[in-house]
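This briefing looks at how two protein chains meet. Keep the sequence and the model in view while reading.

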Amino acid sequence: MATPVIQTDKLTKRFGDFVATNEITFDVQPGEIFGFLGANGAGKTTAMRMLCGLSIPSAGQARVAGFDVYKQTEQIKRNIGYMSQKFSLYEDLTVLENINFFGGIYGLSNADIKTKSEALIGRLGLQGEAKKLVGSLPLGWKQKLSFSVGILHQPKIVFLDEPTGGVDPVTRRQFWNLIYEAAHEGITIFVTTHYMDEAEYCNRISIMVDGKIQALDTPQALKQKFNAASMDDVFYQLARGAKRSE
Amino acid sequence: MEAVALRNLSKVYGKEATRAVNDVSFTVNKGELFGLIGPDGAGKTSIFRMLTTVLLPDGGSATVDGLDIVKDYKQIRSRVGYMPGKFSLYPDLTIEENLNFFATVFNTTVEENYALIKDIYVQIEPFKTRRAGKLSGGMKQKLALCCALIHKPSVLFLDEPTTGVDPVSRKEFWDMLKRLKEQAITIVVSTPYMDEATLCDRIALIQNGNILSIDTPANVVASYPEKLFALKAGNMYALLQAMEHYEHTLNSYAFGEYMHASFRTDVSEVDVKNYLQQQGLQGVEMKTTVPTIEDCFIKLLKD
């Protein structure tokens, strides 16, 4: 088997007496769509921040894209993509300016940025909007653009933090098509969501409760194990007992 | 009398005259739990802000409790409860202080209407000396609901109370709403989650400032025009693509574990399965399925 893109061993983060992320151990394989679920306050964001090289763990081990989360945080940042619902792109810059800006941040050459931005605009059908301010685009387009910019530097893995919150059901599905395509091209997807139907689109999912990973498997296997009709049921059975909220 | 009535209500923003709310008309009956269902940018918040008199309409009219939202704004303000999407209590005041503040502003006391909030308040009471800014998301939400209820409003407006909230907390919140409904308070609630629509008495589906449909959830679902099928295969991505390119497909899209599809013509399951087999798909499963509100919304968006 290929080397996992994410490998953690008892990864832990404490804030004072509070154990936000408590000894989580899991692997994510190359090209996998991995759903990272949990109730509000379960410790997902803290775990994700450690995996993105933004927060140093209190204990345990983890490697992301082959780099150590304690010592090689800069290399991690260069080899991952990140997109959240809150921060996407600069609204006061045009589509092209945003692509150029992020291409530059990721250290791509000008020639590379030019080819990549043309390809990206073509693929998203944004030819008519390339010189428009991002702020003027509909939310669904912004999110698609934001995702494409997030993988402009062809990272090994992209972290998506609730990428489809508040989006209409058609745009939500178009967004998942982009995710499938990226996974098809070998980019590993690490995604959080509160939509349980989206959990079904993942190859495997983990469910965090009170800082720990309480379940990790394919959606199919989880439903069997919990004797549940839907992922909603599985989630409910596990998270109902949660002691803490955000 | 209706609790809320909108007649061609409109709101236009900015130089480009974006019609955020476009000639919207609907009524909400007394004691009803009415849902405004639509994605971000549909116009839900603009409607709430006009109905709670904090934003003036650019066209049309509306009444709340029989009062005009422009002329009678002062009376409306004392009669409605409003929980905006963004947390808007005083972060530097404690739970207790916030609640007292809102009671005082509305010329009442916490004791007078305690029965109304008791169920919810007991859950946060152990932390009543904690500042609102230091509370968890779920606790903030409960406090905001108490503050919106403390003057016993006749109409309660809740703007996306469950956005970004996990499925377990969402269920709890809707249980609280059901209990409030029993107290004869009219509730108008907005949400981007289609699955919450079935918990309302009636719903309006809204997109880009336009109402797509208004009815009971059961009627919305019953009016779905085509036969809907659920399909599954070993490779879901390949299945989605194959169905997209099938000549008889009208609509096809992912839907959790299965995908949903409807057809232009009356095709048989055998035809579809044969086609999929030709496309190299294995382990194909196909069955008819009952549409959900989300299927109806997708259908309305694609028409």
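In this predicted model, 31 residues of chain A are in contact with 29 residues of chain B, where contact means heavy atoms within 4.5 Å. Local features need pLDDT of at least 70 and side-chain atom pairs count only at pLDDT 80 or more, while totals for chains, interfaces and linings use all residues. Residues are numbered from 1 along each chain as its sequence is written, chains are lettered from A in the order in which they are written, and side-chain values use heavy atoms, with hydrogens and water left out.

**Buried area**
- Chain A and chain B bury about 2,500 Å² between them, and 60% of this lies on carbon and sulfur atoms.
- Buried area is the accessible area (1.4 Å probe) that two parts lose on being put together, summed over both.

**Pairs across the interface**
- The rule finds three salt bridges between chain A and chain B (a side-chain nitrogen of Lys or Arg within 4 Å of a carboxyl oxygen of Asp or Glu).
- A:R173 forms a salt bridge with B:E294, with 2.9 Å between the closest N and O atoms.

**The side of chain A that touches chain B**
- At least two residues each come from α6 (169–184), α7 (196–199), α8 (219–225) and α9 (231–239) of chain A; helices are DSSP runs (H or I, at least four residues), numbered from the N terminus.
- α6(A) gives the largest share, seven residues.
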